[in-house]
Amino acid sequence: MIDVDAALQSLLDPAPLQGPWPVGLPSMELSRSPAAARVGRLAARDGLLLAHFEHRAPLEVPEGAPTWSAGVLPEDKYGSFQHELPIGSFHPGHRAKWGAHELCHGLVGGAWRPGASPLFLATAGRLAEIVPVVLWYFLDEIGLRRCPLHTGPLFRAFCPDCEAEAAHGAAPIEPDRARTLLQEADTFLERELAAIARTRRLGRPVSHVWGSIDLCSDGLAYADAHGPRLGSGAFAAWAERFFDEGRSGWSSLEALEARVIAVARAVACGGSLATWADDPAQGRARWIAMDLGARLLELRELTEGEAAVELLALVDRLARGEAAGPVAADYVALCEDFVLPSADVVLALGYAVEGVATRSIERIEEGLQTVVPGTLELCRDAGVDPVPAFVAADEAARVPLGERFARWAEHAAPGPVAELARYEAALCSVQAGARARILGPKGEGIRLIEGARLLRFSLDPVALAAAVDSGEIEGRRIAAGPGPGAGGGLGVAVEGDLDDPTALIVARERSGELLIVDVSPGDADRIERDPEALEPDVRDALAQLGLLVPRRWSLV
Ligand SMILES: [Zn+2]
Ligand SMILES: [Zn+2]
């Protein structure tokens, strides 16, 4: 399927890739490997984009769906993916590999036909996943930098050091390793397509299992989760208006399979690929129209009478190519005449549309309540709502919500309120360092346990958080203005006694309990630069708490 020699040659002697990057993700995610860069450039040609998972509001939250906890909103694996919609998802909690994976889905597209059987839908779901998976495990690994401990894909494990290394950009190609990965990619593709051919011949699902990867079973899960939706009247009404063979999707398994092979070859060898769109702007406008159209049709299902007629008229305008902005504005107007879900929810698409508020402030507010509650309380005391300004400034970054908010607050308004946000966010983002706790204290050298954080503050955030909680300290409104001072940029100042500068180690015990230890500023310096230089009693005390661990563990 893939010409390995040609693919290798294209990597060793690459034609310069030109053009813009797609929007909705940091472009760094696409310069981590030559394959990711190819996906990015091809996706940008078609105006493909990602929607921010936390900014996008679901129309209806299904029962049992994950909710915010400690500033994290998990994505429901089979619930969210919709192969018929080429707009992917940007989840701040996912690793950078997801960026190219999601865009690759957009390049491949999905297959649907009226009355499609469950096995058709399962096989289409399976086909749609092949190239994104080949990219993830093989093609994206070529030229991808990793930490010294890792040499290949990590499956479920997450390594922050690998993420940091890869962010430096693609490494020079090692021809032997590249050839091996290209051959593995080709083998995976061949075997998967052969299993799909047998599936179609036998009329029974035939798996091709590689490690923990089983796309046949994923396809069945997709058909199970999405079958009712794909078979609904609302979906048929959507497909009738927006589904366009070769321009937005495929109506047969054969056509989708041909596209899978074409995308695999274009990403592996850097060759040409038929575009979905005439130009990026036209493509982007169509994807947005499809997305908003689907949401309005979903609403129409829940509506009756004249409101339903009006909603269908809006969808028809989108289908005829009218821009989303004016249609969105008319939805806002429609909300004045009829009882309809708030435009704040319906239009919260999670990516920019000119003239439309597309980021859900409510959803972010809910998330912030679970990670920086004390900070928000100070703001409430002062009658200040920091969330809209934060949401407007929030960029796509693979950083937890609390940390993003704290960085924003520190930038907008350094001072006690921002420091409290940084402290609260850290409490949610420290991890247990489980391996080091299993491996114990015996070994050589010392360092801070992985997953712990060493943080410095100009006040005592533990005391501040307690005082805010008990109501001893309240926020007070002041004239907002950027720059240093007591929360000036947020317009919130803190009244009350604030203690001296503090350095804290924040960690998590194996049991999940938080561990917060005060250290002197001098010891904080030593922990950062040279933990060996700590006084023996300090060192022993921190080691006893499991916060300092060996650099190398004993094998005897
Ligand atoms: Zn996928
Ligand atoms: Zn690593």
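What follows is a reading of the metal site and of a helix that contributes to it.

Reply: This is a predicted model, with a mean pLDDT of 93 for the chain and 97% of its residues at 70 or more. The exception to keep in mind is the stretch of residues 482-488, where the pLDDT is below 50, although this stretch has 24 contacts in the model beyond near neighbours in sequence. Where pLDDT is low, the predicted coordinates should not be read in detail.

Turning to the metal, the zinc ion (ligand 1) is held by NE2 of His101, NE2 of His105 and OE of Glu129, at 1.9 to 2.1 Å, and along the chain these donors follow the spacing H-x3-H-x23-E. His105 belongs to helix H4 (residues 97-108) and Glu129 to helix H5 (residues 118-137), so the pair ties together parts that are 24 residues apart in sequence. With the cut-off for burial at under 20% relative accessible area, His105 counts as buried because its value is 12%, and Glu129 is likewise buried, with a relative accessible area of 12%.

Helix H5 also packs against another helix: its axis and that of H8 (residues 215-230) come within 7 Å and cross at roughly 125°, which makes H5 oblique to H8, and the crossing is right-handed. Among the H5 residues that meet H8 are Leu121, Gly125, Ile130 and Val133, while H8 contributes residues including Gly219, Leu220, Ala223 and Gly227. Glu129 is also one of the H5 residues in this contact, and Glu129 is a zinc donor through OE.

Conventions: Residues numbered from 1 in each chain as written. Chains lettered and ligands numbered in written order. Predicted model: local features only at pLDDT ≥ 70, side-chain atom pairs only at ≥ 80, totals over all residues. Heavy atoms only, no water. pLDDT = per-residue confidence, 0-100. Contact = heavy atoms within 4.5 Å. Donors = N, O, S within 2.8 Å, 3.2 Å for Na, K, Ca; no water. Helix = DSSP H or I, 4+ residues; strand = E, 2+ residues; numbered from the N terminus. Buried < 20%, exposed > 50% of the residue type's maximum accessible area, 1.4 Å probe, protein only. Axes fitted to C-alpha atoms, helices over the stretch in contact; angles between N-to-C directions. Parallel < 35°, antiparallel > 145°, perpendicular 65-115°, else oblique. Left-handed = near helix turned anticlockwise from the far one by under 90°.
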